[in-house]
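Reader: I am new to reading protein models. Could we go through one together, question by question?

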Amino acid sequence: MTPASPDCAGFCRDCGREHVLPAGPAEPHARELMAELERCGSIGLGRDGDPRLGLEYLHGPARGQMFGVLACRDRAGREHVLKAFSGQYNGIWLVPGWVPPILDPQEFMRVTGRDEPRIKELTRRIAALPADAPLRRTLLAGRRELSRDLMARIFDLYRLTNFRGLSRSLAEVFPGRMPTGTGECCAPKLLHHAARLGLAPLGLAEFYLGRENKAATRAHGHFYAPCEEKCRPILGFLLCGARELRQSI
Ligand SMILES: [Zn+2]
Ligand SMILES: [Zn+2]
């Protein structure tokens, strides 16, 4: 197991400075969660017998996944530990005991259910055409536009809430072009939910479980800072007001 993980941090455009949340206070809870997952063999953690929640999934073709823990305190001074898995687990958005996604899964199904079959159909037609067919280029452009449109509508489903009580869309918070999956990592899920519940964050730790990713940048049981490409650009907004809230309770 790796030693202390790097902190969770991002530049806040409202304050004109970086906000930081340490990993340290969350790490013992993260290690406990890792041990509990290994013991139960499932992210159902003994509460749910759904075979799709088994840890074998993390060692299969889909490869491993990030998990996160947020230690926080409520207004009465009690400690709480929120936990999250990145994106969906084996196609499942909601698992009891874990924070839900930022978007509404039913809205997500409604949006993707309409466009994904059209994109798949275009892919099928493109594959059936010779590489130099003029129609192929038209269909490729059509598919590109449809995918871009779908992604924009998926991003529209996310509204981020921070510790000042401000809510903004991903597009309002993210400077520049958003990568696919922005908003689905553990850190944004955890911070958004803590903010909505009025919990003051004390520490956040993310770790990877399962088969090493294709780029070989993630290994089983190691801690990592929230990712640079999707999370760092929105963490400044999400962490805004956290320190003041922590000091007030
Ligand atoms: Zn991330
Ligand atoms: Zn700020």
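Reader: Which side chain meets Glu 18 in a salt bridge?

Author: This is a predicted model, where local features need pLDDT of at least 70, side-chain atom pairs count only at pLDDT 80 or more, and totals for chains, interfaces and linings use all residues. Residues are numbered from 1 along each chain as its sequence is written, chains are lettered from A and ligands numbered from 1 in the order in which they are written, and side-chain values use heavy atoms, with hydrogens and water left out. A salt bridge is a side-chain nitrogen of Lys or Arg within 4 Å of a carboxyl oxygen of Asp or Glu. At 2.8 Å, N to O, the partner of Glu 18 is Arg 232.

Reader: How many residues apart in sequence are the parts that this pair ties together?

Author: Helices (H or I, at least four residues) and strands (E, at least two) are DSSP runs, numbered from the N terminus. Glu 18 lies in strand S2, while Arg 232 lies in helix H6 (residues 232–239). The pair therefore ties together parts whose separation in sequence is 214 residues.

Reader: Is Glu 18 exposed, partly exposed or buried?

Author: Buried means under 20% relative accessible area, exposed over 50%, and partly exposed in between (1.4 Å probe, protein chains only). Glu 18 has 37% relative accessibility, so its class is partly exposed.

Reader: How many salt bridges does a search of the whole structure find?

Author: Side chains of opposite charge can pair when their charged atoms come close. One case is Glu 107 with Arg 110, whose closest N and O atoms are 2.9 Å apart. Both lie in helix H2 (residues 105–127), about one turn from each other. For the whole structure, the search gives eleven.

Reader: Which residues are joined with Asp 149 and Arg 153 into one network?

Author: Asp 149 and Arg 153 form a salt bridge at 3.3 Å, N to O. They are four residues apart in helix H3 (residues 134–155), so about one helical turn separates them. Through salt bridges that share partners, the network also takes in Asp 115 and Arg 118.

Reader: The backbone oxygen of which residue lies 2.7 Å from a polar atom of the Arg 13 side chain?

Author: Arg 13 sits in the loop between strand S1 (8–12) and strand S2 (17–21). At 52% relative accessibility, Arg 13 counts as exposed. Its side chain has a polar atom 3.3 Å from the backbone oxygen of Glu 172. At 2.7 Å, the backbone oxygen belongs to Val 173.

Reader: Which residues is Ser 169 in contact with, leaving aside neighbours within four places in sequence?

Author: Ser 169 lies in strand S6 (residues 167–169). Its relative accessible area is 12%, so Ser 169 is buried. Contact means heavy atoms within 4.5 Å. By that rule, the partners are Tyr 158 and Arg 159.

Definitions and conventions: Polar contact = N/O pair within 3.5 Å; in protein donor to acceptor, adjacent residues only side chain to side chain.
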